[in-house]
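Dear colleague,

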Amino acid sequence: MASSTKFFYVLVAVCAIIASIACCNSRATIPDSDGVAANLTAGGFTSGLNLYSSVFLEELDVTRSDFPADFTFGVATSAGQTEGSAREGGRGPSTWDHRVDILPDAIINSDKFSTAIDSYRLYKEDIKIIKELGVNSYRFSISWSRILPKGSLSGGINQEGVDHYNSLIDELIRNGIKPFVTILHSDFPQALEEKYGGYLNHSFVNDFKDYSEICFKSFGDRVKNWFTVNEPTVSAVYGYELGIAPPGKCSLKEGVCVFGSPENCLVPAGPCNFGGDSSTEPYIVAHNQILAHATAAKLYKEKYQAQQKGEIGIVLASKYYVPLSESHEDKIAAERLFDFNLGWFMEPFVYGDYPKSMKESVKERLPSFSAQEKSLIKGCLDFVGINYYTSTYARHKTPPPFEQLRYSLDVSAEETGMKDGVFLGMDREGHWPEGLQKLMEYIKEKYQNPKIYISENGLFTIRNDELSLADQLKDPERISFIVRHLYRLDKAIKNGVNVKGYFYWSLFDDFEWGMGFLHRYGLYYIDFDHNNRRIPKQSAEWFKAFLQSDHVTRASS
Ligand SMILES: *[C@@H]1O[C@H](CO)[C@@H](O)[C@H](O)[C@H]1NC(C)=O
Ligand SMILES: *[C@@H]1O[C@H](CO)[C@@H](O)[C@H](O)[C@H]1NC(C)=O
């Protein structure tokens, strides 16, 4: 998640991890008493895994050759989480830079945000690493305020920023790596926030269109895959209902806990010191992001696609929601959770309007599309990027009476990671690769079998500088996470889902927004004390061997 987005899932997982630390002392490669050991071999590389259950052995049985030869295997990052050089090269501040300035204590390692992992300067070295890893594609994002420091065209283009991305893209192409570019990945220009209230104002749609057009014009001769916006739900809900991401708007009473329990709250909402209306603004922000995507996609299709021959989509995050019980109420609650997360965007893009359950529940607080907007948004995705991290159980929950209406209560459902004290997926972090397969099959059925890229999927470990470097590089849990998800993805493809690619999040340990550098997602370890040196973890060695080899074998006990 953490792409923050992942932020949300991250935090859910943090709770699970904290629970496991409390009960068991250590986390990495815990040989469970009823777990099972397995050796996973790809090419010349063998990894000893400890699985939580023998049920998972089946999921180790996947090879590169199970996927089509032209399948996209990639790694993902985003500008705000890796580039650094935040105040250099003519870049203007993003809303995250601003949040770190005004609320440094709300963000772990906030002092390091402006340097991140220095990828702006180290991009050539990074591309060598990507090439060495053997993936064929790289998903990265462009920093809006590096191209347009003031956010809008009228504020001027920063040629140094354009030049940087040109060099980055050229270097990728030279190395045979396909660029997949996210146009907006959380780092919204602060200047537009101050000018007119950012996402809340329809002016954002026009500025996003102008910015996107600069990208198409400048890079579209080489970039054939565009993601407009990453995880619009996070900007809407975290930024405008809960106030835990920029611009930190909300109107909640004291004491709302986002993650954890009221007595032991890990992440409280707010502080709601920046204005806002949690009952309406998340919906307006999502609405404008839908229109922004559709407007940029229309522009691309009408003016650039015939010549540049690329495709354009969006990135949405979703879990798979499993009803907690067989009751009709819980089944409908799970459907509502799908609608309020995935359907919020997919339903407009595929069918031209919001899900029925959202209209019924949110009523007049949900903006509506004009007839003209409906025809603009319907059918505007060439593909959809899905960020999948984990799944949850869903339980019906009537909102408490007299509570202020807001997104998280409007859904009338509660997510819970456990049933009868056991995590969904059985391992302690609640990862459930089968949920990926089920989500893929759900999307195929519900949304007319769209082309899909898994734009993110990954596992974090908690930073622990007490461990030796050698121990920090051992990450069999990440290897089994990837291989099990690939197995499930392959199953989905064999069942007719149109999945074209898989991007691991993340290439490197990076700045995970509010969680700072506490969460390490990387295939490559970042040595923060030594100029952000990149060092392959075992998972990088393994992934490389997997990609090169058709012969993956496992021996199990
Ligand atoms: C894995 O390989 C090691 C070293 O070759 C061996 O000692 C161990 O028994 C193997 N474990 C399994 C489960 O096959
Ligand atoms: C949107 O921004 C424009 C300036 O660009 C301003 O005139 C208008 O009042 C704003 N609208 C809202 C709803 O804030």
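This is a predicted model: local features need pLDDT of at least 70, side-chain atom pairs count only at pLDDT 80 or more; totals for chains, interfaces and linings use all residues.

Residues are numbered from 1 along each chain as its sequence is written, while chains are lettered from A and ligands numbered from 1 in the order in which they are written.

Helix packing

Helices (H or I, at least four residues) and strands (E, at least two) are DSSP runs, numbered from the N terminus. Helix H8 (residues 203-219) and helix H10 (residues 281-308) have axes that come within 9 Å and cross at roughly 35 degrees, where axes are lines fitted to C-alpha atoms, for helices over the stretch in contact, and angles run from 0 to 180 degrees between N-to-C directions. The crossing of H8 with H10 is right-handed (a crossing is right-handed if the near helix is turned clockwise from the far one by less than a right angle, and left-handed if anticlockwise). Among the residues that meet here are Phe204, Phe208 and Phe216 in H8 and Leu291, Leu299 and Tyr304 in H10, with contact meaning C-beta atoms, placed from the backbone, within 7 Å. The contact of H8 with H10 divides into 10 nonpolar, 3 polar and 2 charged residues, counting Ala, Val, Leu, Ile, Met, Phe, Trp, Tyr, Cys and Pro as nonpolar, Asp, Glu, Lys and Arg as charged, and the others, Gly among them, as polar.

Helix H15 (residues 433-446) packs with helix H17 (residues 476-494) at an angle of about 25 degrees, the axes being 8 Å apart. H15 is therefore roughly parallel to H17, a term for angles under 35 degrees, with over 145 being roughly antiparallel, 65 to 115 roughly perpendicular and the rest oblique. This crossing of H15 and H17 is also right-handed, and its residues include Glu434 and Glu441 in H15 and Arg484, Arg488 and Lys491 in H17. By class, the contact of H15 with H17 has 6 nonpolar, 2 polar and 5 charged residues.

Sheets

An open sheet of mixed pairing is formed by 3 strands in the order S10-S12-S13, where two strands pair if DSSP finds at least two bridges between them. Its edge strands, each pairing on one side only, are S10 (321-323) and S13 (413-416), and neighbouring strands are turned by 40 degrees against each other on average, direction ignored. Strand S12 (residues 392-396) runs antiparallel to S13 and is joined to S13 by 4 bridges, with His396 opposite Ala413. Helix H11 (residues 328-351) packs on this sheet, touching S10, S12 and S13, and its direction makes about 120 degrees with that of S12.

Elsewhere, strand S7 (residues 257-260) and strand S8 (residues 265-268) pair in the antiparallel sense over 3 bridges. A hairpin of 4 residues joins S7 to S8, and Gly260 stands opposite Cys265.

Ligand 2 and backbone details

Around ligand 2 are Tyr196, Gly197, Asn201 and Ser203, a residue being near if its C-beta atom, placed from the backbone, lies within 6 Å. This shell around ligand 2 has 1 nonpolar, 3 polar and no charged residues.

The peptide bond from Gly270 to Pro271 is cis, with omega near 10 degrees, and Pro271 is found in the loop between S8 and H10. The bond from Trp505 to Ser506 is likewise cis, with omega near 10 degrees, and Ser506 is found in the loop between strand S18 (499-505) and strand S19 (519-520). Trp513, which lies in the loop between S18 and S19, has a phi near 50 degrees, a positive value in a residue other than glycine.

Technical notes:
Two residues are in contact if their C-beta atoms, placed from the backbone, lie within 7 Å.
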